[in-house]
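Here is a short report for a reader who is new to this structure. Please have a look at the sequence and the 3D view first.

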Amino acid sequence: MFAQLQAEIADKYGLQFNDLKLLEEALTQANYINEHPGYQGRDYQRLEFLGDAIMQQSSAVYLFQNYPDWDEGRLTELRILMVQTRSFAALSRELHLDKYVQLGHGEEMSGARNRDSLLEDLWEAFIGALFLDQGQDAVMHLLDLVFFSKIKTGFYDRFVDYKSKLQELLQKHGSVEINYEKIAEEQIENNEQIFTVAVSVNDKKLGAGQGKSTKEAEKAAARDAYQSLTN
């Protein structure tokens, strides 16, 4: 089973574990071991501890080196968005770690395989295993491909409540009325729709955004306005 995951990782990311036992350990939950008394391996908790520290340190170093004009507050804000449950869960799914984790029967039946908190643990354990197997250079190679590259695509923006941030910014000196208005609706393939929403204050347009729902489009418009006002 883990040889198949190894092959997928090697093919897609150019990484190959020297010790498959580390990969297996990173994807084995304690409940699985409890239900299999003859199992000789360990659960992922120690690797998770290591991987958590590596992700924090690697992210801080990357942001410090690549954004020399950012102050401490802005660096911290982005790092918090990157190093969090939903981000790590998405990475676990991207590498198909959710398909290969060894779970106890109760956890399997409760849907743990799709639980973000578990997938966060798996990602951290996987990074810990990769570090022990191949070192920091291999970790940074993978993070460059699947983690840091997402900064420029706006991936981490989905974890920001831009409507609240925009409201706080605009109401810093007193109450104002913020208006979100749907200005376009377009039918696309598969009968899906794309909505365009504009956000304005006192009839002055501040930004616009699109989404597959008006709620999603409002969030995009708020992000556009907030970034325009703060950049």
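## A loop residue, G41

G41 sits in the loop that runs between α3 (30-35) and α4. This is a predicted model. With a relative accessible area of 34%, G41 is partly exposed. The cut-offs explain the label: buried means under 20%, exposed means over 50%, and partly exposed lies in between.

L22 is 19 residues away from G41 along the chain. The C-alpha atoms of G41 and L22 are separated by 9.4 Å.

## Confidence

The average pLDDT of the protein is 93. A score of at least 70 is reached by 100% of the residues.

Helix α8 (residues 105-109) has the lowest mean pLDDT, at 90. The highest, 98, belongs to α4.

## The annotated binding site

UniProt, in an unreviewed entry, places the feature "binding site" at E48, D121 and E124. These positions span 77 residues in sequence, yet no two of their C-alpha atoms are more than 5.9 Å apart, so they gather at one spot.

Take E48 and D121 in turn. E48 belongs to helix α4 (residues 45-66). Setting aside neighbours within four places in sequence, E48 is in contact with D121, E124 and A125. D121 is part of helix α9 (residues 116-134). Its relative accessibility is 18%, so D121 counts as buried. Again leaving out neighbours within four places in sequence, D121 is in contact with Y44 and E48.

Helix α6 covers residues 85-94. Its buried residues are S87, F88, A89, L91 and S92. What covers them? The cover includes α4, α5 (72-82), α7 (97-100), α9, α10 (136-148) and α11 (150-153).

Both ends of the helix deserve a look. Q84 caps the N-terminal end of α6. A side-chain oxygen of Q84 lies 3.3 Å from the backbone nitrogen of R86. After α6 comes H96, which has a positive phi, near 65°.

## Aromatic pairs

How many aromatic pairs does a search of the whole structure find? The count is 11. F155 and Y156 form an edge-to-face pair, because their ring centres are 5.1 Å apart and their planes stand at 90°. F155 and Y156 are both buried.

Y162 and Y226 make a tilted pair, because their ring centres are 5.7 Å apart and their planes are at 55°. This pair links distant parts of the chain, 64 residues apart. Y162 is in helix α12 (residues 162-170), and Y226 is in helix α13 (residues 214-230). Y162 and Y226 are buried as well.

Lysines meet aromatic rings here. The charged end of K150 sits over the ring of F155, 5.6 Å from the ring centre. The charged end of K163 sits over the ring of Y180, and the distance to that centre is 4.6 Å.

Notes. Residues are numbered from 1 along each chain as its sequence is written. This is a predicted model: local features need pLDDT of at least 70, side-chain atom pairs count only at pLDDT 80 or more; totals for chains, interfaces and linings use all residues. Side-chain values use heavy atoms; hydrogens and water are left out. UniProt positions are given in the numbering used here, feature names are shortened, and annotations may be inferred rather than shown by experiment. Helices (H or I, at least four residues) and strands (E, at least two) are DSSP runs, numbered from the N terminus. Contact means heavy atoms within 4.5 Å. Buried means under 20% relative accessible area, exposed over 50%, partly exposed in between (1.4 Å probe, protein chains only). A polar contact is a pair of N or O atoms within 3.5 Å; within protein, one must be able to donate a hydrogen and the other to accept it, and residues adjacent in sequence count only if both atoms are side-chain atoms. pLDDT is the predictor's confidence in each residue, from 0 to 100. Rings of Phe, Tyr and Trp (its six-membered ring) pair if their centres lie within 6.5 Å; planes under 30 degrees apart count as stacked, over 60 as edge-to-face and the rest as tilted. A charge sits over a ring if NZ of Lys or CZ of Arg is within 6 Å of the ring centre and within 35 degrees of the ring normal.
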